[in-house]
Every structure is written in C-alpha cells, then in structure tokens.
Amino acid sequence: MSRTSSDSTATERFPEAPDLTSIPSPMTQLPSIITTAGTPQIPPTDTAAADTTDRARVHYAMNVDTSPIPQSAPRSPLSPNVGMRRRMTRSNTFRTIEEFEDFESQPGWRPGAEPGIDPLKPDGGQETTPDLHAVCQITVVDFSQDNLQIHELDNAGIIDFVKKPQPGWVKCRWINVNGLSWDVIQALGQYKDLHRLAIEDVMNKRNRTKADWYANHAFIILTCQKLVRLMKDNSSDDESDDDDRQSVKSRSSSKTMGRKFSRWFGSKKKKAGQAATAATLESGVKPPLTPVQSITHQATGFSDVFNPNTLCTLQRYHASPNTARTEYMEKHSALGPRGVAVMAEQVAMFITSDNTVIAFFEQSADDVETPILARLASPTTILRQSCDASMVAQAIIDAIIDMAIPVTACYADVVGDLELDVLTHPNIKHTKNLYIIVSEVNKMFSLVNPIQTLINALRDHKTSLKQEDLSRDLQNPLKGVIISPMTYTYLGDVYDHCVLITENLNQIKESANNMIDLIFNTIATYQNENMKQLTVVTILFLPMTFITGYFGMNFVDFEPVYGSVIYFWKAAIPTAIATIIVVMREMIYEWLVRTFQRRQILGVRKKRKERSEQAKMNRKLQSREAM
C-alpha cells in the first residue's frame, strides 16, 4: 500500500478493482468529470432550462438487484484516480483532567508514571525531586540481653550513623523516626535496601492498612489515632480585664455592659471569620488554627518534634477534596465541647531479615517510644530477653491500638450524655450532633477494623522453627523475615483489643442511630397527641357551634330567641352528648376495655403482694418458734 499527499491531505491508494464497465447498469449515468482532487464537476449543457428533477432522480429496472455491495467486494473505478481517498481521522470526544485537587499533595504524579521511588537515585527516579523535607528526631535503640544503647540523632546524624558498621554485640536494632523527610527516607532505604514501592507508600499519606512481603523485609502500614487536648488562649480576656479596671463605672454595670457588647461584637467577628474561612476553604488551602483554639502536646523528652499546624484531625485524615465539608465537620465535632480532638496519622514500619525494625511516624513517635523504652530498660522483660524484631513490631502495634481505646471511651461518654438529653427532652437539634458522631465513628471504624486483617496476615507468616532455635536464625538474612511463635501468641492479644474497639464502635453507632429514630418518633408522637387533643376539643364544641349558628339566623316570629338562655342549653347538651357518642364510640370503647384490664392487672399484683407478705410473716413466726 502506498500513500500520496495532495493539498497537505493524507490519502491512501487501494488496490485496483477489476473493470466492470461491461456490465450493463440500469442507472442513468450523469455526465461528470472527476478532477485530480476528486471533486466531480458537471459539464455545461446546451439546454439551460433542463429539468433538475430528472437529473437528480435515479431509475431502476424491475429485474435488477438493488442490494448494497458488501464492503469486501471490489468497487468499480470511476476515474484514473479512483484509488485516492481522503484518510478519515477521529477527533477526541473527551479530554482527561491533568490536574485534580485531590492529587495536589503529590508533586510529579501523573497517570502511567513509573511506580515507586528509588532510594539509590537522588531524584528517586521521578521527573521531579521529592520535596518532602522536615526536621526529624530519630531514636536508634541497639540492645541485647546484656546491653542497651540509645542514640538520639537528627537528619544529618542518621545519614552518618548508617554508614558505620553495626556492633557485634547488637542482637536487635530499632530505628524510630519522628517526622518524614526525603533525605532520611533515602538514607534508610539505601541502608536496608528497601523496596521502591514501599518507599513510595511511606511518602504517600493516603494508603490503606496492609502488610506487604518483599525479599528481604516486610512492610506494614496502619493508622494511629489518639486524643489531643484543645486549649484556649486567654490573652484577649486579660486585656479586657485591664481595661475594665481603668473604667470609672461600677464593676457590676461594666461587666453587664461588657458582656452585651462582647456578645454583639463577638457575633460580628465570628461572622467575619466564617466568611474569611469559607473563602480560604474554596481556595483549597488548609486554614491554620486560630489563636483562640490551639492544640497542646506534652513531649516525653525522647522526641520533642511537634507542630500543631501540621497535625491532621480525624475529619481531615483521608478526607474528600471538599474542604468546606471537612472544615464544617471539624468545627462541629462531637468532642469539641469537651476540649479534646482526635488526631490521626499514618505509621509505616519495616521488619528486615537481619532483625531490624524501622518505624516512620509523622508526629506521634514519642507516645510509642516511652512505654517500649521503659520495657527495654529492664533486662527481665520479655521484649528485652527475646531480642526479636517481630516482638518490637508487635509492641509498636499494641501501643497504637491502646491509644485508640481512650478515643472509644470518650465517644461512648458523649453518646451517654446525649442519650440522657434525648430521653428527658428530645430536640431536633440533637439529630445533627448524633449524625456527626455517627460520621466520626464510621471513620474511626474504617481505620481500626482493617488492623485485624493486618494482624492475621502477620500471624499467618509464623515460622515453623521452635522458639529455642530462633536465637541463631534471627540475624540470618537468608532465613528471611521471621515471625516467631512468641510474636504469634502476643499478636492474639492485640487482635482481642481490636475486636473490643470495633465492637464498642458498633455499639456506639447503633445507639446513635436508635436515638435518631427515637427523636423523630417522639416528636411525631407529640404532634399526633396535639392533633388528637385539638380533635377532641373540636368535637366537643361542634354541636354548640351548629346550634349557635342555627339560633343566629334571621327568623320571623321565632319566640325562643326572645326567651331564656336555658332553651339553648336544653338543645345543645343532648346534641353534644349524642355527637360525642357517635363520633368517639371506638375511642370510648377502647378506654373502657383498657380501664377494665388495668384494674384486673392491679388486682392480680395486689393479691400476689399480699401472698408474699403473708409468706414472709409465716417464715418469721416459724423462725421465732424454732428459737
């Protein structure tokens, strides 16, 4: 097949078809000439007034097959250039969105990009160098049954530290990183030859809870949830108190007026702040914490890195791109009135084949380090005596799960208070609070429930070696990642904690949903009862209204109108009684039946109580006679 171009248009030459001109055609041929460009031109005719209808009409004989020629059948050439045809091109019917708000936090991301980040390359093997940089606090714990050393390092210190050979007395090493930075991740990735896909998951904060197994290490991802206390800044209140002291008015009047003005101006400032926040949310930028409401954190001394502006609340963790919705849910959180909030962050962990654990936290490393280091400081603990990296990983997972237990208890307390309010005075506003609680509990459940699958995956990889034979194979890279039988046993305890948390969350969710139904049912019952009362009153006064209208008509010579009012009541009372009996007969019958049944039940209970008291008296008399 050969191609030619004519007027910058791509054409194709098809194979020559056989000459079929000898076959008679019933179609009346129109005289036309095909130009080299393929455009037919009609030659001028001698008769200028030719009938256009006859030229445009095609006539077929009755014995000629007019079915269309199949596509595979050859076509008869109409001119020498009949094989030249313009190539048909297809235009795009849609365009892909190259930039999307949900992936703005992943620079260099694009569909079809090379998966993973290579720690052996300065740019990670990506089009752009990763810009994830932070000041990290790294704790390196080297221990054996007889010795323990703790190293506190920074970004530059860990890069130099991993270049040094590991001492021979070290049986297990735990590297705990507080903060995410590309230089630290790259150094540790080169140090333990971590897989590029795992490196990418460490830097990407939108991952699911999972456990991946590679040739020389296992990779674990889960979510850490904890309570953080909210503190209010009282600097503005102190300034207002100083101004009140300089006032010449009395304290009582100044305080009263001050409260009124503060409420009025406070509402203005609040509305202005909400408008500014809405504008900030629409721009897609995460608003910083206000000075009035801040988050406090008490460092333990091991890892002092803490930045409240980078904390991620439960509503913002794995949230949708709709930042306005996230900000609203965060502002009206169920735990806000109690002065606490739930923080969530991703935790990544490596268990290498040479008995080393590497854990990456965003900001909660100190909360996990403190109890584990206290256990390692004692030579008699199981964690210290085992010198098992899988046991260290179990301790980290256990600490993360234990931090979620107070969160569940706090939600249960909030739901309990709301339950009392709903039972005593149900309000439609309670449904909004309950909906937010259900939303937060569902979010927490979706983060805790997959940890059960993670624990089962770790337990499924239990080694077949006995616990006594593991000491010589824990640091042997050829044996791969070893999950010891002891780790298998203690992971069962962590699994029980997960089940306990998920069951409590399900109970909280069911209680909240039941309270929402109770609120609507109670309000509907109140409305039905009000309508019932209005109906009864209407039925009572309906006969009187009718008789009043009857006596109020303009009659001629109607003597009762000029008589006593007793005549009206003589007609109204019997009519009202008859109307009530006829209209409310079913209600009256049900009331009589219910009253009779209630009297029977009370009688049975009274007789049972009398028999019980008589039996007590008989037992007392018998005991006295026995004495």
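## Nonpolar cores

The largest nonpolar core of this predicted model has 70 residues. Those that touch the most other members are Trp174, Leu222, Met349, Ile396 and Tyr411. Helix α10, which covers residues 389-424, gives the most to this core, with 19 residues. In soluble globular proteins, nonpolar side chains tend to be buried together.

Setting aside residues up to four places away in sequence, Ile396 touches Trp174, Met349, Val357, Ala359, Phe361, Val368 and Ile372. There is also a second, separate core of 26 residues, including Cys136, Ile185, Met203 and Ala348.

## Confidence along the chain

The chain has a mean pLDDT of 76, and 68% of its residues reach 70 or more.

## Histidine 217

His217 lies in strand β10, which covers residues 217-232. With a relative accessible area of 1%, His217 falls under the 20% cut-off and is therefore buried.

The side chain of His217 makes a polar contact of 2.7 Å with the side chain of Asn216. The His217 side chain also reaches the backbone nitrogen of His195 at 3.4 Å. Not counting residues up to four places away in sequence, His217 touches Asp193, Leu194, His195, Asp212, Phe350, Ile351, Thr352 and Val481.

## Salt bridges

The model has nine salt bridges. One of them joins the side chains of Asp367 and Lys226, at 2.8 Å from N to O. This pair links distant parts of the chain, with Asp367 in helix α8 (residues 365-377) and Lys226 in strand β10, 141 residues apart. Asp367 is partly exposed, with a relative accessible area of 24%, whereas Lys226 counts as buried at 7% relative accessibility.

Asp417 forms a salt bridge with Arg338, and their closest N and O atoms are 2.3 Å apart. Asp417 lies in helix α10 and Arg338 in the loop between α7 (323-331) and β12 (340-352), so the pair ties together parts that are 79 residues apart in sequence. Asp417 counts as partly exposed at 35% relative accessibility, and Arg338 counts as partly exposed at 34%. Within it, the side chains of Lys210 and Asp212 meet at 3.2 Å, N to O. Lys210 counts as buried, at 14% relative accessibility.

Key: Residues are numbered from 1 along each chain as its sequence is written. This is a predicted model: local features need pLDDT of at least 70, side-chain atom pairs count only at pLDDT 80 or more; totals for chains, interfaces and linings use all residues. Side-chain values use heavy atoms; hydrogens and water are left out. A nonpolar core is a set of buried Ala, Val, Leu, Ile, Met, Phe, Trp, Tyr and Cys residues joined through side-chain atoms within 4.5 Å. Buried means under 20% relative accessible area, exposed over 50%, partly exposed in between (1.4 Å probe, protein chains only). Helices (H or I, at least four residues) and strands (E, at least two) are DSSP runs, numbered from the N terminus. Contact means heavy atoms within 4.5 Å. pLDDT is the predictor's confidence in each residue, from 0 to 100. A polar contact is a pair of N or O atoms within 3.5 Å; within protein, one must be able to donate a hydrogen and the other to accept it, and residues adjacent in sequence count only if both atoms are side-chain atoms. A salt bridge is a side-chain nitrogen of Lys or Arg within 4 Å of a carboxyl oxygen of Asp or Glu.
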